[in-house]
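Me: Please take a close look at one helix pair in this structure. I would like the geometry, and then the residues that make the contact.

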Amino acid sequence: MVGLSIKDPAREQSMFASRAIGLFAIIVFLVGLLVLRFVHLQIWQYETFQTRSDLNRIQVQPLAPPRGLIFDRQGELLAENRVSSSLALVTERIDGLGQTIAQLAELVSVTPADISDFESRLKRKRRPFEPVALRMDLTEEEKAVLAVNRHRFIGMEVTSELIRHYPYGELFAHAVGSVRRITEDDLRALDEVAYSGTEFVGKRGVEKFYERSLLGQVGYQQVETDAHGRIRQELDKEAPISGQNITLHLDSRLQIAASAALGERRGAVVALDPRSGGVLALVSHPGYDPNLFVSGMSSKYYKDLSQSLYTPLFNRAINGQYAPGSTFKPVMGLAGIVAGTTEWETIIEDRGFFRLPGQKRIYRDWTWTRDGAGGQGDVDLHRAIYRSSNVYFYDLASRMEVNDIVSFADQFAFGRHVAVDVADASQGLLPDPIWKQGAKGEIWYPGDNLNFAIGQGDLLATPLQMAIAAATIANRGRVVRPRMLLASDAPMAEVDPPLPLPAITGPSPDDWERMVDAMEAVVHRGNKGFRGNGTAWAYIGRDIGYRMAGKSGTAQVVEIKQGEEYDEEELDEFNRKHAWFIAFAPADDPLIALSVLVENGGGGSSVAAPVAKQVLDAYLLPQLATASISVAPRRPSQADPIQ
Amino acid sequence: MNQDFVRSLPGHERNLRVAWLHRIHIDPLLLLLLAGLVLFGLVVLYSAVDANSAQFQAQLVRIALAFVALGIAAQLPPQMYMRWAPYVYIVGVVLLVLVLLFGITVKGSQRWLEIPGVTRFQPSELMKIAVPMAVAWYLHDRVLPPSIKDVCVALAIVAIPAGLIMMQPDLGTGILVAGAGFAVVVLAGLPWRWMGYAFLAFAAAAPGLWYVLQDYQRQRILTLFDPESDPLGAGWNIIQSTTAIGSGGLTGKGLLEGTQSHLDFLPEARTDFIIAVIGEELGLVGVLILLSLYVLIILRGLVMAASAESTFGRLLAGSLILTFFVYLFVNIAMVSGLLPVVGVPLPLVSYGGTSALTIMAGFGIVMAIRMHKAW
């Protein structure tokens, strides 16, 4: 075909026509391929792509359930939910992040701490176009300012969520506890589905114990979102179910009084209703504002809190384990009676110290002096309680089997955690020879009996446990389990009601009354000279409107060397004695039993007893006034041979 | 159609209603088909711009301007196109060189020339018409089918501007320009055999070509075969467009109801990926209507080219029609996942003015070639 070199228009035209037909055939073939491709996508694979398109646009989002509210016994709100608004940025939509933040900082407060928190949140794994919070807990005013200036900031979002709020702040921090932001560690332990909408979990106290019931049930909404994750419309919704509202035994007025009575001092107050075991007040000082754990605090502030020498995060009321000191003596005395080692009429001579037979070591009374002028003279059990004679109990313990003491004290729940619904309470320590052999590799010496008898040595108890002991004596032997929960709308999933504790066996009703009498004398026996007065009388017994039974305790923190006197002024703050007081009132028909601990406070009668009286006054005086119950006349003391 | 076809042939001008169109060198049937296509495109575009009236009106204006361009191009006598062909070509090549030297870089490609304060434009757009015109000019008085030497010269005329465009780099336009020029050679009678050899040579050279490609171009080819390897990055476009098309089914989700397009999952829904909007909202039925319109336009264009009286006219008109096909085929094949992603709009449907203007001007030239008498 190349051979011809003459142009032939007619031939060219017909060749063009055949070319055009050939090319058109190719075009039809290629268009056929396209049609086939579309049939493949739209007919044969239709369902696959239909599903994929729906998965693209339809998202299932969890809806956080409102957390159950917590009330005190009078219906005061202790923990509620509040709408909190946050300022968040979608960084993908922002050019010049630093500049945007600087401009926002002119409108609302943005601290350097906010910015560094924001930057650490930015580094965490997240979906594209997910807003990252810059400022939390905006005020109404700030929200308004941001709303007005919204158009100036592309990629800025103001979001709202329900967050926990504790209206009393620090007051109930240790009693009610708090929720905290779920950490990555928590996520491993928590049910992913149940917490899918929730950012907080109960971490302390009631909030922790009743977490399951307070949490509620997560809801869902099916929404249509665009490619940037923004919601365009709601398609379906399953509403969340609010958590259970609960009412506690706590009495906010009493809690306020207890906190005020402790004042600035480190310590704890635990008040129980001895009839039910209901915890009326539970205070641990110093405290902290639980709201800071919800809205967030600077890492420096948290460091200060967690590293403070005064350990504000530490719940002394349930986790502080201290030697109970002389507050253990009523238990010890009853143990002696029950074992038959002593009788109410038995009298010993207290010269201020005690020596075990054949030993040189001196076991001192608190009245001991170097010149040998100490001691309380003739002492029976009644007097040994109201004068808090160590020598009487040394003598008693020296004649007792340790296991008799232990098995009796065990009934008061020393060394055990018996509370119904107090999260993470410590057990204390009720030592015995087997424990000592295991823990210290030593045998039980006769001297251990002596320390045990005055609540020193290895015996440890929490303020909550001492409150149980007080309530048990108030109940004349009936032991109650402390409980926080008073009522709830529905049965609580957490509580499989524990069996009631058995009543104390051994003491007769008369023994209980005599012990109560002796404890009343601690408070009310006065105007009889220093060696005749109850230890606490001078501090609280002169002006009291009801019959209170109590026992002071002063627990040594450091050992005082043989032959030296205890001089508080010379000791470092943290080496001073702990002041204890346990009490209940009215003595004949107790409505309240409590324990007070003041860390490194000094004398139990001088320091802890006034705290106890203030708390009891706050609880009883209004009740006594309204019930117009006359103050019971003092019954004749049953055993007061010294008098 | 057949009757329209007959009626529109010269000498069948008894139909007075269309007679005036003939006087201004407009082919009524091709105009009707183009109008149908544009109308269909506008309906879909209305949905693709989310019923945004400002954008829709802007597009209406552009389409109107494109029809004006068609009308003007149809008035110029074909002799004039032939006379100007070499000069337009040379000016075009010079402009392409200037682009590489002084052009403005947008999104990593140097495609634009700017006359400061006046305008900016893409010389490569001009070459879509200038290159086939130049090849047709070169071949029109040679003996056809062309000799090896003529084929080589013709291919050189094509390769120079196509190469310059690909260096910008703008692979899509480069392929289209090369295709338009090559179409002339094919229409001039390049033996099928040679095309077979060329194809085999290309297949053999493909591994070597791999190393010539830019990284992003290689990525696009890899993505075609396995879009799921990077679903949020390179694979996103093709996954979302096939999802949009597939989920449309037979009859579609309805105009303005496409979730892929209206919830921003589908990228470039108004421009290069608008066929996915058609597939999603109007289903297979909509796609078939569109393809039918395209095929009819091509058929009508080829018939008109074949009945042109001069070799230059036949070659130029035929190649413009073939280029039109290459346009739509590359676009649709790309969006439906048959070809790698290249930036080619869907002719006369995608949002945007430049390509519509060039294409309509091309159809104007086809009409000029067919409708001017005595040539």
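Reply: Two residues are taken to be in contact if their C-beta atoms, placed from the backbone, lie within 7 Å. The model is a predicted one. On that basis, B:Ser241, B:Ala244, B:Ile245, B:Ser247 and B:Gly248 of H11(B) meet B:Ala276, B:Gly279, B:Glu280, B:Glu281 and B:Gly283 of H13(B). Sorted by class, this contact of H11(B) with H13(B) holds three nonpolar, five polar and two charged residues.

As for the geometry, helix H11 of chain B covers residues 236-248, and helix H13 of chain B covers residues 274-306. The two pack with their axes 6 Å apart, at an angle of about 25°. H11(B) is therefore roughly parallel to H13(B), since angles under 35 degrees count as roughly parallel. The crossing of H11(B) and H13(B) is left-handed.

For context, some features of chain A can be set beside this pair. Chain A is divided into domain 1 (60-248) and domain 2 (318-483 + 499-627), and the C-alpha centres of these two domains of chain A lie 49 Å apart. Chain A also has an open sheet of three strands in the order E1-E8-E9, with antiparallel pairing. Strands E1 (58-63) and E9 (231-238) of chain A stand at the edges with a single partner strand each, so one side of each has no neighbour in the sheet. On average, and with direction ignored, neighbouring strands of this sheet are turned by 30° against each other. E1(A) runs antiparallel to strand E8 (residues 219-225) of chain A and is joined to E8(A) by six bridges; A:Ile58 has A:Glu224 in E8(A) as its bridge partner.

Note on methods. Residues are numbered from 1 along each chain as its sequence is written. Chains are lettered from A and ligands numbered from 1 in the order in which they are written. This is a predicted model: local features need pLDDT of at least 70, side-chain atom pairs count only at pLDDT 80 or more; totals for chains, interfaces and linings use all residues. Axes are lines fitted to C-alpha atoms, for helices over the stretch in contact, and angles run from 0 to 180 degrees between N-to-C directions. Helices (H or I, at least four residues) and strands (E, at least two) are DSSP runs, numbered from the N terminus. Angles under 35 degrees count as roughly parallel, over 145 as roughly antiparallel, 65 to 115 as roughly perpendicular and the rest as oblique. A crossing is left-handed if the near helix is turned anticlockwise from the far one by less than a right angle, and right-handed if clockwise. Ala, Val, Leu, Ile, Met, Phe, Trp, Tyr, Cys and Pro count as nonpolar, Asp, Glu, Lys and Arg as charged, and the others, Gly among them, as polar. Domain bounds come from an automatic or database domain assignment. Two strands pair if DSSP finds at least two bridges between them.
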